[in-house]
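Here is a short walk through one protein model. Keep the 3D view open as you read.

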Amino acid sequence: MLALPPALAAGGTLLAPPALALTGRPQALWGTQTGAVTAHSALVWVRSDRPARMWVETSPTENFRYGVRRHRGPLLGPATDFTGTTAVHGLPPGTQVHYRVLLADPADPRRTGQPVRGTFRTVPVRRRDGVRFLWSGDLAGQGWGINPERGGYRVFEEMRRLDPDFFLFSGDTVYADGPVQPSVTLPDGRIWRNVTTEAKSKVAETLEEFRGNFRYNLLDANLRSFQAQVPVVAQWDDHEVRNNWYPGQLLEDPRYAVKEVDVLAARARRAFGEYFAAPGPLPTDGGTLGATGAGTAGGVGDAGRMHRVVRHGPLLDVFVLDMRTHRDPNSPNRQDSDPVGILGAAQLEWLKRELSRSRAVWKVLAADMPLGIVVPDGATDFEAVAQGDPGAPLGRELQIAELLRFVKHRRITGTVWLTADVHHTSAQHYRPERAAFGDFAPFWEFVSGPIGAGGFPAGQLDATFGPERVFVSSAPRANMSPAEHPPYYGEAEIDGDSGELTVRLRSEGGAVLFSRTLQPGRVGQ
């Protein structure tokens, strides 16, 4: 059994557990991260191993020789699992900012632990600076956790070296419903060895178990180094709670003593808000699962909504969607009326409104599920938008048809869909000439992932919106480990001079599998 080691493993893959850390001073053993980065501000996240006061120092130089500013943060305690965020303000736009987090003993502020360092770039205000970001999803799923013999989540080190402006974590950021075993025998006889923890030994039901799933991923040094350099824009999907869940669901799964999904979702949402550097509670649009106390400085989810717009200068707005919280129950998905759909009525109206207001050259719709790929849920029901019927829109497709029609008739330019979820990478081009429903402008949907989970064959396409699979790379059989089939991630780069958007689909090892350059200023592509 490869349980938590008492010290850093060879290669620096793992960290010491809190009980074995240096005593007497607070320690930031889980690294640091940033989020909600704007032209002049950012949120800095940390977790302490004990009660502590959080302080953040920023500087324009890595050696902190001048221009140092100190920002007082919250008291970190058990109410938020010792996590918290501090807002840093007054930063120059389009600039590399260096920071260090210090944790002080609340009873004696002079006693501070070893500082943990990070860096990020503020959002540019000039178009010519350009934008480049990465996206993927699905980490530690299907039994494939941190394998020190493989170097842990080594794809994050590869992505860190690309030095993107931010990382769009497209859902399934943890697998709270996916325990990991100490070892798994691969078909060729090799042994995959997982680091194991108590929280990853069973499905998550308590708040502490959900928190433990987020802590598990942060045992990996590659991920910690990545997050210390690259701001994260995180959204959730199903595995933060339980496979294919929907509001109001009652579980029959014998692994769960807690049968009410809404109870599990509230706990998962609180842990999610505690473990990502995200804005404080956002105003609710109705129908949001309730929870309280997301984090000392707030966090996405608790008492607020998950969907939001992330603005990155004049070139890019990212519309972070929540296709989980407001959806209707999974079903055969063939009803001819569906006012709730996969987004909920309020989120759909919010999205229309914000798309209409956006003046960004490119408007990325960050979906946690694909539009035209069929995702079954059991023998008769469906999990995403499509259900395999090639005819006119039915079920959840009706809501997407309404949105696509709106984009066309309002002449909203530069829309692109990015997603993960389906454990392969592909590029789909949707055209009305091929579709049963034709009242929309052509658009692209790019899929990436998994970043560290099982690889699966690509699912079939639903012809309702006329998709053509221009490119696909997928595992030849179900649940291939990262040792057998490489993780996938995507890269999106907007040129500051031309405004062109180039999307690259990548695999671990640095290969660019597919690339497409799109032109700005068009309603359809």
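This is a predicted model: local features need pLDDT of at least 70, side-chain atom pairs count only at pLDDT 80 or more; totals for chains, interfaces and linings use all residues.

Residues are numbered from 1 along each chain as its sequence is written, and side-chain values use heavy atoms, with hydrogens and water left out.

Start with the sheet. Six strands form an open sheet in the order S15-S11-S10-S25-S26-S27, with mixed pairing. Strands here are DSSP runs of E with at least two residues, helices are runs of H or I with at least four, and both are numbered from the N terminus. Two strands pair if DSSP finds at least two bridges between them. S15 and S27 (512-518) are the edge strands, each pairing on one side only. From one strand to the next, the twist averages 15 degrees. S11 and S15 run parallel, joined by four bridges.

Contact means heavy atoms within 4.5 Å.

Now look at the nonpolar cores. A nonpolar core is a set of buried Ala, Val, Leu, Ile, Met, Phe, Trp, Tyr and Cys residues joined through side-chain atoms within 4.5 Å. Buried means under 20% relative accessible area, with a 1.4 Å probe and protein chains only. The largest core has 49 residues, and Phe156, Met159 and Phe167 have the most contacts inside it. Elements that each supply at least two of its residues include H1 (155-162), S11 (166-170) and H4 (261-275). H4 gives the most, with seven residues. Methionine 159 touches Leu134, Pro164, Phe167, Phe226, Ile451 and Tyr489, not counting residues up to four places away in sequence. A second, separate core has 33 residues, including Phe319, Leu348, Leu365 and Ala367.

How many of the nine residues of H3 are buried? Eight are, and H3 is mostly covered. At the start of H3, a side-chain oxygen of aspartate 220 comes within 3.1 Å of the backbone nitrogen of asparagine 222.

Helix H6 spans residues 397-409. Its buried residues include Ile400, Leu403, Leu404 and Val407. Among the elements that cover them are helix H5 (345-357) and strand S18 (362-366). Just after H6, arginine 411 takes a positive phi of about 55 degrees.

Technical notes:
Buried means under 20% relative accessible area, exposed over 50%, partly exposed in between (1.4 Å probe, protein chains only). The expected span of a helix is 1.5 Å times one less than its number of residues. Axes are lines fitted to C-alpha atoms, for helices over the stretch in contact, and angles run from 0 to 180 degrees between N-to-C directions. A polar contact is a pair of N or O atoms within 3.5 Å; within protein, one must be able to donate a hydrogen and the other to accept it, and residues adjacent in sequence count only if both atoms are side-chain atoms.
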